[in-house]
Amino acid sequence: MAATLPPGYTREADGRLRPPQIFADSSLDGPFWDDGFVSRPVLNPEELVDLRARFAALAPYDGFDPTTIDGARCTYHCTFLDEDRGYRRSSDELVRDVFADKLKAIVPGYTILSSNIYVKPSGHGRFEIHQNWPTIEALDVPTLTVWVPLQDTNFGNGTIRLARGSHHLFPDVAAASSDRFFDEFQTELIDNYLEPVDVRAGEGLIFDDSLLHWSGANRSDRPRVTFQIEMIPNDTQAILWIRNPSDPTVFDLWEIDKEYWIEYPMESVLTTPEGLPSAGQRPNPNQHITFEEFEDAMRRRKEILHSKYCLS
Ligand SMILES: O=C(O)CCC(=O)C(=O)O
Ligand SMILES: [Fe+2]
């Protein structure tokens with residue numbers, strides 16, 4: 001059965017999705033569909049000072065530096081990976097308090113699902129290339145990350161790097177438990193496609209979660225702090241996609257809400273989570289592709305996008 005569409009989205013008889021205007025400032029919709037990202041001022045200087053103070057009052061288990069604890073999964077702090085649930089709740093409340101109204105004014109049809117603070121200690125914090133996990137059932141409906149740094153970010157302090165126009169190219173479910181279609185050409189992606197994007201403190205880089213992205217180590221002498229806010233369409237059930245542990249040809253879908261990211265441990269994205277309502281199974285569409293196939297799809301990306309979406 002076709003996934004229920006969020007308010008404002010309709011599907012043509014030929015399967016193409018007709019999206020509503022996404023941004024209150026309609027001049028952003030064109031660049032968003034072309035490139036997969038746009039940026040917009042979010043916080044003014046006073047609000048930034050206030051957010052820095054409230055950030056400094058948070059107390060995660062890893063002290064915002066996982067290189068100081070044993071058994072850390074990576075060298076950057078990520079809220080969902082921190083084991084202190086009380087901190088995760090405080091961080092969620094802080095983000096909603098500071099950003100909910102601001103983001104509503106920018107993307108009125110979207111609502112905050114969850115958030116993470118990413119802190120890269122000086123000298124650390126290299127990510128893996130990834131797409132953000134799907135968070136709703138209709139995979140061709142954009143879900144958004146709003147990425148707001150507390151200080152200016154650039155190549156030197158490990159800013160985010162985006163593969164412009166790589167969104168919605170392949171019918172791929174980029175769940176935590178998925179194989180990644182680009183595993184065999186990561187160096188080529190970094191060298192040829194992953195552009196470092198300079199973002200100013202308090203500015204929001206808003207990108208489609210299916211966009212390929214990555215970031216390198218922070219080479220500055222200060223921690224690099226960014227808020228990542230995940231947004232899904234209003235009145236839409238949030239879904240966790242997990243590849244079935246015994247049958248990799250299907251994904252299991254689970255209904256979640258904001259509490260999932262606060263209350264469940266990180267490991268739950270890799271197994272069958274307990275206590276969540278099931279939303280059924282879907283076939284696993286993931287395919288391995290070569291770098292040549294990727295390059296070909298990137299050259300034809302406008303055509304591919306227009307074969308899937310009715311865009312003016
Ligand atoms: O903070 C970074 O460098 C990357 C964060 C990221 O992957 C995201 O916001 O989705
Ligand atoms: Fe990401």
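The questions below take the metal site, then the aromatic pairs.

Analyst: This is a predicted model, where local features need pLDDT of at least 70, side-chain atom pairs count only at pLDDT 80 or more, and totals for chains, interfaces and linings use all residues. Residues are numbered from 1 along each chain as its sequence is written, chains are lettered from A and ligands numbered from 1 in the order in which they are written, and side-chain values use heavy atoms, with hydrogens and water left out.

User: Which residues coordinate the iron ion (ligand 2)?

Analyst: Donors are N, O and S atoms within 2.8 Å of the metal (3.2 Å for Na, K and Ca); water is not among the atoms, so sites may look incomplete. Along the chain the donors follow the spacing H-x1-N-x80-H. At 2.1 to 2.2 Å, the iron ion (ligand 2) is coordinated by His 130 (NE2), Asn 132 (OD1) and His 213 (NE2).

User: Are His 130 and Asn 132 buried or exposed?

Analyst: Buried means under 20% relative accessible area, exposed over 50%, partly exposed in between (1.4 Å probe, protein chains only). Both His 130 and Asn 132 are buried.

User: How are the planes of Tyr 76 and Phe 127 arranged?

Analyst: Rings of Phe, Tyr and Trp (its six-membered ring) pair if their centres lie within 6.5 Å; planes under 30 degrees apart count as stacked, over 60 as edge-to-face and the rest as tilted. That rule gives 24 aromatic pairs. Tyr 76 and Phe 127 lie 3.8 Å centre to centre with 0° between the planes, so the pair is stacked.

User: Why does Tyr 76 count as buried?

Analyst: The cut-off is under 20% relative accessible area. Tyr 76 counts as buried because its relative accessibility is 15%.
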